[in-house]
Amino acid sequence: MTDRKTALVTGSTSGIGLGVAQALAAAGMNVVMNGRRESSEVDSLRASLEGGGGSVVYAQADMTSPGEIEAMMQSAIDAFGAVDVLVNNAGIQHVAPVDEFPVEKWDAVIATNLTSAFHCTRLALPGMKAKGWGRVINIASAHSLVASPFKSAYVSAKHGLLGFTKTVALEVAAQGITCNAICPGYVLTPLVEKQIPATAAARGISEEQVINDVMLAPQSTKKFVTVEEIADLTVFLCSSGGASITGTALPVDGGWTAH
Ligand code: NAD
């Protein structure tokens, strides 16, 4: 890659974000990783991204802290000149009935899954505008399009993230910048593994019933979506073939939202 791009992927120490970061690095980009992980584990994660020819750095920042997000974005811009590809991926889940939903969990889900995308995007856009090229890719969810019980904060954040995606897309479309929401169905990552016992408790059913009757029931493929499928779509959106795709929700959900 002659004009080497720089990608920043929030929450890229695990699951979908890690797979996306690995794919963008393999495509030759510099990558800024971020996420919650012990510093002893970060070196081996970073090593798993090397080999594509770009630099890989890790930026510790809590996505619920606007100040830490600003410091992370500034360090990326200082190191590489701009963030050309921003993947807003960091996310958490909490499962509980709305009238029992802990207020601090609501605040944390909205801050991590929605407000962090606002902060990262507002700080990345000036560099993208200066270059006349940029990609903002929000890892949203099938829950940006449909709801499920006991996930009020998550569904609200993900619906909000899709509205944010459309608004940003309209604002920057004429400046060579696209903004899209990838909307995965269930992917078997640590986030989902933790949800299985929590959903079993909230619904009073077994963990096996959660997998088959709740998670895979609406996915007509009867399979979990894979991290690689999300990563491949992200790389495509960064290619020239993705130039006119903007403001969209792109479901990768085995047919869930076709019902
Ligand atoms: P995961 O738990 O494996 O990874 C989440 C990542 O976010 C981790 O790197 C974690 O360290 C990071 N993170 C969480 N809180 C953070 C914070 N405050 N500051 C910095 N980093 C933080 O989860 P995943 O399944 O890979 O989820 C990634 C994204 O994909 C989320 O936005 C999630 O909502 C979305 N998604 C997941 C699924 C699924 O089925 N797994 C489906 C649809 C959408």
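**Chatting about the ligand site**

Visitor: How many residues surround the ligand here, and which are the closest?
Guide: In this predicted model, 31 residues surround the ligand, and S14, N89, Y154, V187 and T189 are the closest.

Visitor: Okay, S14. What does its side chain have 2.6 Å from the ligand?
Guide: An N or O atom: the S14 side chain places one 2.6 Å from an oxygen atom of the ligand.

Visitor: And R36, which part of that residue is 2.7 Å from a ligand oxygen, backbone or side chain?
Guide: The backbone. One of the polar backbone atoms of R36 is 2.7 Å from an oxygen atom of the ligand. For K158 it's a polar side-chain atom, 2.9 Å from a ligand oxygen.

Visitor: How much of the ligand's accessible area does the protein cover?
Guide: 95% of the 830 Å² that the ligand has on its own. The ligand also takes up the space of the largest pocket.

Visitor: Switching topic: which helix gives the most to the shell?
Guide: That's α6, with 3 residues. Helices α1 (15-26), α5 (152-172) and α6 (190-203) each supply at least two.

Visitor: What about domains, where does the shell draw residues from?
Guide: Domain 1 (6-185 + 226-251) and domain 2 (186-224) each provide at least three.

Conventions
Residues are numbered from 1 along each chain as its sequence is written. This is a predicted model: local features need pLDDT of at least 70, side-chain atom pairs count only at pLDDT 80 or more; totals for chains, interfaces and linings use all residues. Side-chain values use heavy atoms; hydrogens and water are left out. A residue is near a molecule or strand if one of its heavy atoms lies within 4 Å of it. A polar contact is a pair of N or O atoms within 3.5 Å; within protein, one must be able to donate a hydrogen and the other to accept it, and residues adjacent in sequence count only if both atoms are side-chain atoms. Accessible areas come from the Shrake-Rupley method with a 1.4 Å probe; for residues, only the protein chains shown count as cover. On a 1 Å grid over the protein atoms alone, a cavity is a set of points where a 1.4 Å probe fits but cannot get out, and a pocket is an open set with protein on both sides within 12 Å along at least five of seven lines; lining residues have an atom within 4 Å of a point. A molecule sits in a cavity or pocket if more than half of its atoms lie within 2 Å of its grid points. Helices (H or I, at least four residues) and strands (E, at least two) are DSSP runs, numbered from the N terminus. Domain bounds come from an automatic or database domain assignment.
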